[in-house]
2 protein chains.
Amino acid sequence: MEVMCMVSCGRYTRPHFNLLLLIILQFGLHTVDGVWPLPQTFTSSAERYPLSPQALYFVYGSQSAAQQGCSVLDAAFKRYFSLIFPDYTSGNGVLRFSDGKPFIVEVSVDRDDCEGYPNEDSSERYNLSVCAGQASLNAQTVWGALRGLETFSQLVYEDDFGTYFVNKTEIDDFPRFQFRGILLDTSRHYLPVKAILKTLDAMAYSKFNVFHWHIVDDPSFPYQSSTYPDLSSKGAFHPMTHIYTQSDVRRVISHARLWGIRVLPEFDSPGHTLSWGKGQSDLLTPCYSGSTPSGTFGPVNPVLPSTYKFMGRLFKEVSSVFPDSYIHLGGDEVNFACWKSNPDVRAFMQKMGFGADFTKLEAFYMENIMNITLALNKTSIVWQDVFDYHEQRSSLSVVEVWRDGCYLCEVRRVTKAGLRVILASPWYLDKPGPTHNWARYYTVWPLAFKGSEEQKKLVIGGEVCMWGEYVDATNLTPRLWPRASAAAERLWSDEKQTSSVDKAFPRLQEFRCKLVRRGIQAEPLYVGHCKHEYQGL
Amino acid sequence: MEVMCMVSCGRYTRPHFNLLLLIILQFGLHTVDGVWPLPQTFTSSAERYPLSPQALYFVYGSQSAAQQGCSVLDAAFKRYFSLIFPDYTSGNGVLRFSDGKPFIVEVSVDRDDCEGYPNEDSSERYNLSVCAGQASLNAQTVWGALRGLETFSQLVYEDDFGTYFVNKTEIDDFPRFQFRGILLDTSRHYLPVKAILKTLDAMAYSKFNVFHWHIVDDPSFPYQSSTYPDLSSKGAFHPMTHIYTQSDVRRVISHARLWGIRVLPEFDSPGHTLSWGKGQSDLLTPCYSGSTPSGTFGPVNPVLPSTYKFMGRLFKEVSSVFPDSYIHLGGDEVNFACWKSNPDVRAFMQKMGFGADFTKLEAFYMENIMNITLALNKTSIVWQDVFDYHEQRSSLSVVEVWRDGCYLCEVRRVTKAGLRVILASPWYLDKPGPTHNWARYYTVWPLAFKGSEEQKKLVIGGEVCMWGEYVDATNLTPRLWPRASAAAERLWSDEKQTSSVDKAFPRLQEFRCKLVRRGIQAEPLYVGHCKHEYQGL
């Protein structure tokens with residue numbers, strides 16, 4: 001029995017009804033299981049077409065604004081060919097040639113944004129129609145086309161005889177949230193560039209679009225600044241082997257761009273800066289024991305003009321190295337004890353009329369830093385601490401909510417103040433729970449707070465955080481995947497269609513096997529097996 | 001300043017005082033940190049000798065019972081050469097040639113057990129003396145020599161200029177417990193042979209000596225039996241790709257032997273056998289719903305003679321395939337509901353006079369299985385459940401204690417009954433806690449129960465269990481290492497010398513970096529770095 005075919009191969013045909021359940025019931029799992037995160041609208045039929053590596057072609061539509069030579073799409077065509085036919089490209093397997101007819105994947109975009117960077121406003125919407133001999137992929141931007149190519153690659157499956165197929169399908173898809181990030185922490189442990197690049201690959205498979213690079217922190221300063229080279233030569237774990245050179249950073253940004261991923265750098269201050277002090281004297285506050293310096297250092301010294309001069313030059317460099325319009329300024333967990341102990345800080349407090357309220361001093365500091373980055377045309381993100389302590393909230397732009405507890409209460413407060421929110425609290429994946437708690441990251445409802453429609457629109461997205469205390473390249477991947485993919489579906493897909501853990505489970509299992517097949521060391525959800533187990537030992 | 005040198009290069013010189021702390025304080029960490037688990041006695045001096053790959057030789061002592069052609073030691077010499085000089089063998093680095101003088105590692109053993117298998121009685125004691133130009137390693141058996149080679153390899157370190165050194169050292173070492181195992185579960189997820197072999201390598205680095213292969217269970221039966229091939233062709237996840245052929249099993253046993261590791265197979269019954277039923281009809285108990293079979297199956301059917309005939313033939317095969325004198329018969333977690341529902345089982349209970357006590361039926365079953373393996377000259381191990389329910393405890397040999405709670409109470413009871421104990425309860429590593437809970441596996445005192453000296457001697461060792469619900473080749477290694485190494489030191493080293501978590505921490509961190517350097521994806525303990533980070537992505 002065949003479901004009535006609603007598919008046509010025209011541009012922007014958007015069937016708005018959802019045959020998902022019907023399809024699952026009637027045709028087994030392989031057709032719909034195929035795509036994670038779940039597209040917004042999805043129709044599929046049992047009609048299927050064989051694909052062969054000798055006869056699959058990616059081409060640009062004749063009306064497409066981007067044509068051959070488009071760096072982003074040219075690279076994507078090559079990449080997805082290998083992802084679709086893993087055996088062919090690795091030369092490990094013999095593929096059966098089942099059909100000599102060519103299959104064309106025709107990609108058209110409205111704008112030639114091939115050499116640019118994805119940004120906060122980039123449309124990721126795409127429309128994908130798969131018919132006999134052809135798939136049409138249409139999008140406004142190349143970034144949307146990338147998402148569509150990912151979806152197409154996930155639609156392809158291999159039968160037991162080694163033949164690849166794709167079913168007749170119609171998809172119209174777009175992300176629920178604009179900001180879907182993953183934070184990696186390269187200060188508590190150094191992550192080799194290769195580990196970052198591989199994470200970017202896996203991010204794209206789950207349609208994440210922001211790599212939040214928490215690049216420096218207390219334990220080490222691996223960013224090799226051209227303005228202040230001592231920061232890494234003295235503050236990194238090792239001045240040569242445990243640093244990110246300018247070339248490394250460019251490589252990460254360039255790799256991310258080809259996947260449609262923004263790179264958001266974080267230079268967290270005034271706390272979390274111990275390693276900065278090794279290469280920059282007078283930057284950190286000397287702590288006092290009674291009336292004498294104790295020899296230890298606290299947060300950045302907010303009372304010296306030299307501090308702001310230094311920060312101005314550093315952020316000028318960072319702003320030009322990282323093309324994204326956002327920059328993360330940190331501002332979390334400032335311990336006031338050292339400031340309190342320092343007589344110069346206390347004198348400054350008095351002069352400024354801050355009394356004994358050190359949150360005012362922190363606000364003063366952050367205000368200065370935000371002005372620096374504002375002058376550099378960057379939108380600043382800060383951790384929620386800054387919002388909590390700040391009186392002049394109008395100078396804030398985006399607040400990242402990270403604390404446990406009633407995080408939606410905080411989301412409500414921040415949006416009520418008219419500020420944008422990124423939600424991270426429910427997605428701290430660095431602490432390993434039992435693996436099956438993927439459901440904990442799936443059953444998150446970012447908009448389930450009392451607030452106006454305007455407030456809800458201010459929730460621009462969410463972020464999975466992988467802090468580095470217990471994580472480095474040895475365990476990053478299995479700890480991140482596929483649990484982060486659970487968050488990815490929450491951030492991309494329609495909430496109503498993806499509210500059931502039970503329905504998601506087999507789909508996520510299937511997707512996890514796809515990740516493994518692509519060489520991503522994604523850990524299992526529960527008892528079972530993949531057709532192709534992980535072989536990369 | 002130099003510590004007075006107590007080292008001599010004679011045979012079996014055993015200095016019984018411990019200079020450990022003194023050495024750490026005076027000469028920094030590299031000399032003593034080097035060895036994990038900590039040797040029983042260890043003296044070292046600041047005097048050090050350069051080693052060069054062009055001039056390091058492993059040779060047999062002239063009086064050694066084993067000589068060239070000894071498979072175990074010939075292979076070990078080759079292996080340890082590569083482990084000592086990783087850059088040289090991989091061709092990645094340029095080693096500085098610092099000293100043309102040869103350095104000889106002379107190995108002597110009392111017995112030529114080169115072609116045998118390690119067993120429960122194998123001595124693992126060794127004596128290692130490192131002097132100028134020479135290291136003398138003496139042991140009773142080749143298995144002891146392997147442990148000594150591991151220790152020697154860990155004593156070698158590289159300075160910042162790429163030169164390798166070993167310090168003047170004298171070690172006399174032997175294991176605290178005879179049985180130091182790791183359980184892998186290849187039924188809940190299939191582990192490729194490569195993953196098992198790599199685990200064996202890592203086990204040897206921590207001086208584990210038993211690989212407990214929980215090879216089959218409810219979800220799948222990957223062991224390809226020559227007597228009953230249907231068991232895997234119907235009971236495995238896949239009959240070709242997810243099985244262990246006879247050749248795979250031989251490869252595992254042979255690889256383990258070369259590391260001095262015993263392979264202990266477990267064929268768990270009568271519970272945990274769902275997958276067996278797919279390839280062997282009438283083996284499992286048909287469950288009833290009222291007076292009719294429900295179509296589901298329970299534990300092995302203990303009332304049919306055919307069951308024991310089958311088990312007899314299967315265990316005959318298993319006994320000849322696996323050379324170890326121990327065999328694990330399982331016997332845990334039998335659910336009586338299905339037996340209760342089955343009229344034939346109930347009739348049998350009545351006939352045997354078991355009343356309504358199904359533990360008697362289980363005991364009857366296990367007794368039969370134990371008689372089968374006894375006739376095959378195997379020592380049987382059972383999970384503690386069998387001890388708990390069994391009345392005729394004299395027919396038991398070794399009991400593995402696995403339940404939570406007061407596990408030492410159980411150890412006390414089992415040893416009081418005169419039976420040997422393997423302790424597993426505190427070392428269930430499959431459930432991921434926060435990683436820093438390595439200390440939880442370190443602070444285990446297996447003999448801290450009230451009992452006679454005789455009772456304590458019956459505690460033959462312990463075992464780290466890595467059950468497979470949430471574990472496969474993607475996350476096995478970082479979940480196992482270095483946490484299992486914490487257990488390894490508890491099982492090998494002197495308890496008094498290794499009771500401090502704080503002292504162990506930097507040593508374990510250093511050892512973990514060694515594992516990473518050897519290509520083992522061992523996860524970090526906490527913030528920090530290794531000179532050579534994991535590169536195997």
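Is Y308(B) buried or exposed? The tyrosine is buried, with a relative accessible area of 15%; buried means under 20% relative accessible area, exposed over 50%, and partly exposed in between, for a 1.4 Å probe and protein chains only.

Good morning, colleagues. This is a predicted model, in which local features need pLDDT of at least 70 and side-chain atom pairs count only at pLDDT 80 or more, while totals for chains, interfaces and linings use all residues. Residues are numbered from 1 along each chain as its sequence is written, chains are lettered from A and ligands numbered from 1 in the order in which they are written, and side-chain values use heavy atoms, with hydrogens and water left out.

Let me begin with the aromatic rings. Over all chains, the structure holds 74 aromatic pairs. Rings of Phe, Tyr and Trp (its six-membered ring) pair if their centres lie within 6.5 Å; planes under 30 degrees apart count as stacked, over 60 as edge-to-face and the rest as tilted. An edge-to-face pair is formed by W213(B) and F322(B), at 6.3 Å centre to centre and 85° between the planes. W213(B) sits in strand 9 (residues 210-214) of chain B and F322(B) in the loop between helix 10 (305-321) and strand 13 (326-328) of chain B, so this pair ties together parts 109 residues apart in sequence. Helices (H or I, at least four residues) and strands (E, at least two) are DSSP runs, numbered from the N terminus. W213(B) is buried at 0% relative accessibility, and F322(B) is buried at 1%.

Y308(B), from my opening, forms a tilted pair with Y365(B), at 5.9 Å centre to centre and 45° between the planes. Y308(B) belongs to helix 10 of chain B and Y365(B) to helix 13 (residues 358-375) of chain B, 57 residues apart. Y365(B) is buried, with a relative accessible area of 0%. In chain A, ring pairs link a cluster that includes Y190(A), W213(A), W276(A) and F322(A).

I turn now to charged contacts. The whole structure has 42 salt bridges over all chains, each being a side-chain nitrogen of Lys or Arg within 4 Å of a carboxyl oxygen of Asp or Glu. One joins D87(B) and R517(B) at 3.1 Å, N to O. D87(B) lies in helix 4 (residues 86-90) of chain B and R517(B) in helix 20 (residues 501-517) of chain B, so the bridge ties together parts that are 430 residues apart in sequence. D87(B) is buried at 15% relative accessibility, whereas R517(B) is partly exposed at 26%.

R147(B) and E124(B) also meet in a salt bridge, at 2.8 Å, N to O. R147(B) is buried, with a relative accessible area of 1%, and E124(B) is buried at 6%. A further bridge connects E469(B) with R188(B) at 3.1 Å, N to O, and both residues are buried. In chain A, salt bridges that share partners join D185(A), R188(A), D217(A) and E469(A) into one network.

Finally, helix 3 of chain A. What span does this helix reach from its first C-alpha to its last? The helix has 14 residues and reaches 20 Å, close to the 20 Å expected at 1.5 Å a residue; the expected span is 1.5 Å times one less than the number of residues. Its buried residues include V72(A), L73(A), A76(A), F77(A) and Y80(A). An α-helix has 3.6 residues a turn, so residues three or four places apart point the same way.
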